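Dear colleague,

I am handing over a structure that you have not worked with before, and I would be grateful if you could look through it with the notes below at your side.

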Amino acid sequence: MSDTVTLVSPFAGWLAPLDEVPDAVFAERMMGDGFAVDPVEGVLRAPATGEVISIPASAHAVTLRLDNGAELLLHIGLETVALNGQGFAARVAPGARVAAGDALIAFDLDEVALAARALITPVVVANQGYALALEPLGRMVEAGAPIGRVVRNEHEGATAREPSSGATAERNVRIMAANGIHARPAARIVAALKPFVADVALHVGDRSANARSTVAMLGLGAGKDDAVRIVARGNDAQAAVDAVAELVLANFHETAHASPPRPPAPATGPVRAAPGLAIGQAFQLRGVDLEVPADGKGAAAEQAALSGALAAIAAGLDGAHGPAAEIAEAHRALLADPELAAIAARHVAEGRSAAFAWRAATAEAAAALRATGDPLLIERVADLTDLERQVIARLLGVTAPAAPILPKGAILFGEDLLPSQFLGLDVTRLVGICTAQGGPTSHVAILAASAGVPMLVAAGEGVLAIADGTPVILDADAGTLAIAPDADALAAASVRLAALRERRARELAAAHAPAHTADGMRIEVFANLGSVADAAAAVGAGAEGCGLLRTEFLFLDRETAPSEEEQRETYSAIAATLGERPLIVRTLDIGGDKPVPYLPMDGEENPALGLRGVRLTLARPDLMRVQLRAILRAVPAAQCRIMLPMVADLGDYRPVRALLDEVRAELGVAEAVPLGVMIETPAAALLAGQIAREADFLSIGTNDLTQYTLAADRGNAAVSQRIDAMHPAVLRLVREVGRGAAEAGRWAGMCGGLASDPFAAPILIGLGITELSATPAQVPAVKAAVARFDSAACAALAARACDAQSADEVRALAMEASA
């Protein structure tokens with residue numbers, strides 16, 4: 001077994017460090033080290049070859065055991081367990097072998113994005129004894145692009161726990177938390193057990209799981225109202241049992257904002273499968289099943305015919321692109337499914353024809369899916385029907401039914417629509433789809449959304465009686481269908497349709513225009529960068545500059561510090577990619593928490609409060625001098641700004657100011673280069689006015705500022721629920737920074753995680769922040785949020801936020817204001 005496994009990206013999207021995930025359970029690595037991807041597509045793929053360990057009924061996450069034994073948890077979005085599977089469809093089952101790039105879970109990107117807290121998807125190594133070596137993060141990647149390696153570390157794994165002996169204890173409790181045991185509760189159970197030595201297991205019915213393993217507990221499937229028996233063995237068994245029981249009884253300390261509102265279940269009436277509004281004429285799709293012979297011509301001949309037909313249909317799926325390629329992967333898996341093959345083989349052995357056997361196999365599988373009552377599984381019936389018809393047509397030597405010729409402006413009606421049928425349609429004539437059955441996460445819904453065709457599903461059998469040519473208004477967003485509307489309704493819908501198209505075009509153009517509030521106040525929207533690729537993505541997203549260039553990516557994972565010339569070349573390439581847009585370069589921010597071999601340091605009990613940021617570079621002025629020289633040589637003075645991390649007061653700032661002036665003189669740089677301060681400590685926030693009288697600008701890093709302000713270690717699971725940058729105490733410090741900067745005639749910005757939250761934008765503007773630096777993927781959303789509010793409304797909202805009593809209350813105010 002190889003110790004090293006190469007990882008590829010499970011999505012196309014923005015590859016980010018785990019620190020940028022706005023959830024402490026992941027960002028602080030309570031479940032393990034990893035990375036994250038903010039996806040731009042709706043299929044999660046395997047990042048390496050391995051075995052599926054578990055996948056919950058909600059299908060929002062999956063755990064793989066890679067070939068070197070590493071257990072990888074992939075968790076789509078944040079707070080997605082609360083969706084109870086709405087919008088998700090598993091492509092694999094526990095025990096399945098998968099190869100890198102194989103589809104694991106399909107989901108409705110738009111639907112999940114609207115309902116979840118965030119789409120960013122953490123990927124973590126959930127078991128001990130393994131280390132990650134990742135390529136540069138903070139960039140756009142394609143699905144399947146190599147992103148790093150996971151390496152087995154035998155020495156780390158050698159400290160495994162010995163089985164406990166001694167007293168036993170057990171206790172029965174009932175889970176009342178709305179979402180049961182999902183990723184966050186599992187991590188908190190593991191954290192709660194760290195002080196104890198006893199072996200602890202959870203039992204739900206006839207299932208059990210090691211309570212020290214997040215992976216095992218995720219596979220337990222423990223939901224709300226389930227009775228859980230907690231059993232421990234060891235000298236502190238009773239205390240360990242009580243710790244877990246109290247956590248369960250406290251609903252795992254899940255906060256009020258932890259569960260987003262669930263989208264309505266598709267129980268009655270039309271349900272949106274793809275967004276939009278359409279006006280057109282009804283066109284009924286009518287399919288006819290081919291007749292098949294019951295008896296075969298010998299088992300060997302029929303089995304060979306079936307194998308050949310399956311192989312031919314699978315080969316015909318090659319060459320698909322985009323969403324069609326994702327669906328082709330799922331269809332290949334069905335064609336190779338061993339259960340389907342076994343059922344068909346049984347019928348062939350009984351003397352039936354290959355076509356009869358295949359129809360029987362797909363019908364049996366479809367019945368099993370319907371019997372689960374799970375809407376997501378029932379939606380896969382359409383895929384089985386599609387493949388049934390294609391394979392049978394191949395076996396009978398006839399052409400599969402051709403796609404119908406649509407009239408212009410057709411709204412297609414049918415019992416259900418198969419992916420192959422959709423792919424054969426002329427989408428230039430198709431304006432909408434409505435099916436009597438189906439679900440909002442079906443494969444054809446993915447295709448429709450990708451093609452921009454509004455679609456309703458589960459509309460009921462009545463829609464099959466609508467006559468061809470009948471005028472129809474299909475409003476997928478509202479979930480309504482107007483049959484034969486009058487002239488006034490048609491006119492109103494036409495106006496709405498025109499307005500929708502105009503608004504989308506306007507929003508797209510606005511992403512590349514300077515951001516202003518509704519009353520014209522200028523707000524710069526920049527992007528946080530870590531590479532040349534990041535810079536290109538930021539420009540494409542409409543960023544007006546770089547508010548934070550993390551230079552430590554050049555210094556980590558190497559034996560020696562980068563030379564001045566190497567740094568110069570990288571900074572120059574990033575500056576050139578940005579064009580004339582401002583570039584704020586943060587000086588080296590590493591320390592005891594990010595050790596490098598060429599900077600030997602003594603171990604620190606709390607690296608977050610130790611020798612890091614500007615403190616380290618002041619202790620090593622040789623590193624600071626080389627970096628300042630590289631920056632000034634690489635970035636034109638008119639474009640360049642430099643920022644110092646972890647400043648507490650002017651005593652940290654003045655030595656660097658003097659060194660910068662020396663380096664400017666050495667290089668003959670006559671123009672002044674702004675030198676600013678990153679506000680990450682409460683001390684700096686409270687002294688902001690004083691600091692701003694000498695510093696050229698201030699930029700707030702909310703990640704560290706929040707943990708220092710709330711005295712909540714970001715790496716401690718016991719207090720993780722307290723860490724929220726929307727806390728009124730943090731916002732009051734932000735207000736101090738805004739006031740201090742304004743009084744000194746300086747600008748104040750924010751480059752921490754809170755700047756990427758569109759809901760926070762109006763509050764931050766109201767607190768005096770005039771520059772927001774977000775992740776490139778969030779730039780358009782932040783710009784749109786800025787434009788929705790005038791400065792007076794921002795100030796009023798900010799005042800209410802600072803007077804609130806909790807972060808939950810602030811978030812409720814922000815969401816209400818943005819509604």
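In which helix is the place of Ala300? Ala300 belongs to helix H7, which covers residues 299–315. Please keep in mind throughout that this is a predicted model. With a relative accessible area of 65%, Ala300 is exposed, since exposed here means over 50%. Between the C-alpha atoms of Ala300 and Ala349, which are 49 residues apart along the chain, the separation is 8.7 Å.

Once its neighbours within four places in sequence are left aside, Val810 is in contact with Met726, Pro728, Leu731, Ile763, Ala801 and Ala804. For Met726, which is 84 residues away from Val810 along the chain, the C-alpha atoms of the two residues are separated by 6.4 Å.

Some of these names return in a helix pair, that of H24 (residues 728–743) and H27 (residues 791–803), which pack with their axes 8 Å apart and at an angle of about 130°. Helices H24 and H27 are therefore oblique to each other. On the side of H24 the contact is made by Pro728, Leu731, Arg732 and Arg735, and on the side of H27 by Ala801, Cys802 and Asp803. Sorted by class, the residues in this contact of H24 with H27 are four nonpolar and three charged, with no polar residue.

Turning to the aromatic rings, the count comes to three aromatic pairs. In the pair of Phe697 and Trp747, the ring centres are 4.8 Å apart and the planes are at 0°, so this pair is stacked. Because Phe697 lies in strand S31 (residues 697–700) and Trp747 in strand S32 (residues 747–750), the pair ties together parts that are 50 residues apart in sequence. Phe697 itself counts as buried, at 1% relative accessibility. Elsewhere, Phe11, Phe88 and Phe107 are linked by ring pairs into a cluster.

With kind regards

Conventions
Residues are numbered from 1 along each chain as its sequence is written. This is a predicted model: local features need pLDDT of at least 70, side-chain atom pairs count only at pLDDT 80 or more; totals for chains, interfaces and linings use all residues. Side-chain values use heavy atoms; hydrogens and water are left out. Rings of Phe, Tyr and Trp (its six-membered ring) pair if their centres lie within 6.5 Å; planes under 30 degrees apart count as stacked, over 60 as edge-to-face and the rest as tilted. Helices (H or I, at least four residues) and strands (E, at least two) are DSSP runs, numbered from the N terminus. Buried means under 20% relative accessible area, exposed over 50%, partly exposed in between (1.4 Å probe, protein chains only). Axes are lines fitted to C-alpha atoms, for helices over the stretch in contact, and angles run from 0 to 180 degrees between N-to-C directions. Angles under 35 degrees count as roughly parallel, over 145 as roughly antiparallel, 65 to 115 as roughly perpendicular and the rest as oblique. Contact means heavy atoms within 4.5 Å. Ala, Val, Leu, Ile, Met, Phe, Trp, Tyr, Cys and Pro count as nonpolar, Asp, Glu, Lys and Arg as charged, and the others, Gly among them, as polar.
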